[in-house]
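User: I am new to this structure and would like to learn how to read it feature by feature. Could you guide me through it?

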Amino acid sequence: MSKAKKQYNNSLDRNEKNNPYEGREGLVYNRVSSKRQETDGSGLKSQEGRCKSDLESIGVNYVKTFPDSYSGGGDFMKRPAMRELLEYIDNNPHKKFLVIFDDLSRFARDVYFHIKLRAEFRKRDVTLRCLNYNFDESEEGEFAELIFAGKAELDRKQNRRQVIQKQKARLELGCWAFGSKKGYKMTKNLEHGKICIPTKEGLEILKPALEGFANGNFVHKVDVCKFLVEKGFWTKQKPERYIDKLTLILNDPFYAGYIEYLLWDVSRRKGKHKGIISLETFETNQKRLSRFDAGQKVRIDMSSDFPLRGLLRCGTCKIGHVSGCWSKGRSKRYAYYFCQNKKCSIFQKSISVDIIQNQFEEILKEEKLGDYSISLIQETFDKVWKEEIDNLRKLQLTTNIQKINLENKLDEITTLILSTHSNTLKRAYERQLESISTEIDSIESINNITERTNLDIPYRTAIDKVFGMLKSPYSVWVNLSISEQHKLFYFIFDEKLLFSVNEPYQTAQTPSAIRLFESFATSNTHDVEMAGIEPACKKRS
């Protein structure tokens, strides 16, 4: 090799060593820990400004910034901006890049993914530059880098632990420690910091919806969802799409004014916020959710032309459901019911609507609850009602005595805490205090329910309405809307009725509610002593 060529090569080596970023384009990656910091703070802008100034000082042309607001460690591919950055590099394979960022903790706060991310950039021949750390590819440099990455992971985990401890402490004090729930908004409170208060939509829309499900105005969860969508509480999807969200709301004691977070072992306790429903309403909804019929869906395609559609099953195959449709004749259209089971011998064999509906109405006309049954059952209800009132008054007296005893015990333990100097004893006493406070809250909840119970309610009015319907089911049926007819059907019948052409309505010729009362009235009830609070003995049962 000639002397001139050697001098030229040595000159290139010196230039490359003097400027290792020669020919590379600058990409800025900056990150903050939350969306709030992204919108309210100036962290992203300040990081970007520092990185741009550094690129200018080393003579690298700035191209683009990739801002991120992803919190915590974990897979870097879950960070939108990091994913976009790698895709941008892959889409420009003919270019060389320098990726610059503010601090090593912005790169990755997890040692495992720090190593993986370094490998991804190394595979793409990307040079990394950090304003607060100098990358060194030597063995000692790689070791130091792992130490710094481990320190960033430790900081993240310690910060997470502190946040959880503070949030759990707020939950234990009865304050909601997370974002506001639907129907509430966060507001500052001088005594408790930020607390949730009900919004207008929570009080005027969600409250009547939850109470309506409790008192039976809404039979199914989808009915509640329809109400909430119609009122604008939810707006983006169809009512059926919100059933899971409604279930979460129905199961959440927060809306009754209580705090519970079992994930962190925070048991239910009285919250500092105001509930939009009573505890009694919440407990009623829990009972309704546990019932089988609470999960039944109301047909969306209900039509007054086919009121029994969805209420009948085929009596021939015992499997297929009976549906209805219109059929076009020579001069007019005809309404028919038919079996939907393709394997049924009468599959899609048309049965006139008049035949099915007339026979169903005959059942309602013929089957009535007798006057003797009504008088006997009313007498029994009177006796049970009187016993329930006596039991309720005894319960009020018992719970008041229990509350007084617990409050006295609470004062005694408080005195012991103030007099002891042992931290171990103090913690034990504090646990006892928490347990007693929970018992008192439970007793107060029972007292609130019993105090709101009006013992002078004319329950006979409600009983008379029920018996009036069972005395003449047909007269009630014909005056209801199609949706109300479906609700009434499941009140007086156990299940869908079996219908076939040759043997109509095989399942139950008598409505189950009438059979229940008639069976009770015709049994020898006067010879059986009624069970009180104690379970009935085996001989009597």
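User: For residues 524-541, where pLDDT stays under 50, how many contacts beyond four places in sequence does the model have?

Analyst: The model is predicted, and pLDDT is the predictor's confidence in each residue, from 0 to 100. Over residues 524-541 pLDDT stays under 50, and the model has ten contacts there beyond four places in sequence. Residues 292-298 also stay under 50, with eleven such contacts. For the protein chain, the mean pLDDT is 76, and 76% of the residues reach 70 or more.

User: What is the make-up of the protein chain in helices and strands?

Analyst: The protein chain has 18 helices and 13 strands. Of its 541 residues, 37% count as buried. Among contacts between residues at least 6 apart in sequence, 61% join residues at least 24 apart. The protein chain exposes about 33000 Å², of which carbon and sulfur atoms supply 50%.

User: Which residues have the most contacts inside the largest nonpolar core?

Analyst: They are Leu 206, Leu 210, Leu 228 and Trp 234, in a core of 34 residues. At least two residues of this core come from each of α8 (200-215), α9 (221-230), α10 (243-250), β7 (258-261) and α11 (279-290). Another core, of 22 residues, lies apart from it and includes Leu 27, Ala 81, Leu 85 and Ala 108.

User: Why is α9 described as largely enclosed by the rest of the structure?

Analyst: A residue counts as buried when its relative accessible area is under 20%. Seven of the ten residues of α9 are buried, so the helix is largely enclosed by the rest of the structure. The buried residues are Lys 221, Val 222, Asp 223, Val 224, Cys 225, Phe 227 and Leu 228. After α9 comes Gly 232, with a positive phi near 85°.

User: Is Thr 281 buried or exposed, and which residues does it contact?

Analyst: Thr 281 lies in helix α11. Its relative accessible area is 13%, so Thr 281 is buried. Apart from neighbours within four places in sequence, Thr 281 is in contact with Leu 210, Glu 211 and Ala 214. Its side chain also makes a polar contact, at 3.0 Å, with the side chain of Ser 278.

User: Which residues does Leu 104 contact beyond its neighbours within four places in sequence?

Analyst: Leu 104 belongs to helix α5 (residues 104-107). Its relative accessibility is 7%, so Leu 104 counts as buried. With neighbours within four places in sequence left aside, its contacts are His 114, Cys 130, Tyr 133, Phe 135, Glu 145, Phe 148 and Ala 149. Distance along the chain can also be set beside distance in space: Leu 104 and Ala 152 are 48 residues apart in sequence and 7.8 Å apart from C-alpha to C-alpha.

User: In what order do the three strands of the open sheet stand?

Analyst: Strands of a sheet pair through backbone hydrogen bonds, either parallel or antiparallel. Here the order is β10-β11-β12, and the pairing is antiparallel. β10 (322-328) and β12 (351-352) are the edge strands, each pairing on one side only. Seven bridges join β10 to β11 (residues 333-339), and a hairpin of four residues connects these two strands. To follow the pairing across the sheet, note that Val 322 stands opposite Cys 339, while Ser 327 stands opposite Tyr 334.

User: Where do Asp 125 and Asp 265 lie?

Analyst: Asp 125 has its place in the loop between α6 (111-123) and β4 (127-130), and with a relative accessible area of 41% it is partly exposed. Asp 265 lies in the loop between β7 and β8 (266-270). At 67% relative accessibility, Asp 265 counts as exposed.

Terms used. Residues numbered from 1 in each chain as written. Predicted model: local features only at pLDDT ≥ 70, side-chain atom pairs only at ≥ 80, totals over all residues. Heavy atoms only, no water. Contact = heavy atoms within 4.5 Å. Core = buried A, V, L, I, M, F, W, Y, C linked by side-chain atoms within 4.5 Å. Buried < 20%, exposed > 50% of the residue type's maximum accessible area, 1.4 Å probe, protein only. Polar contact = N/O pair within 3.5 Å; in protein donor to acceptor, adjacent residues only side chain to side chain. Areas by Shrake-Rupley, 256 points an atom, 1.4 Å probe, with all protein chains shown as cover. Pairing = 2+ DSSP bridges.
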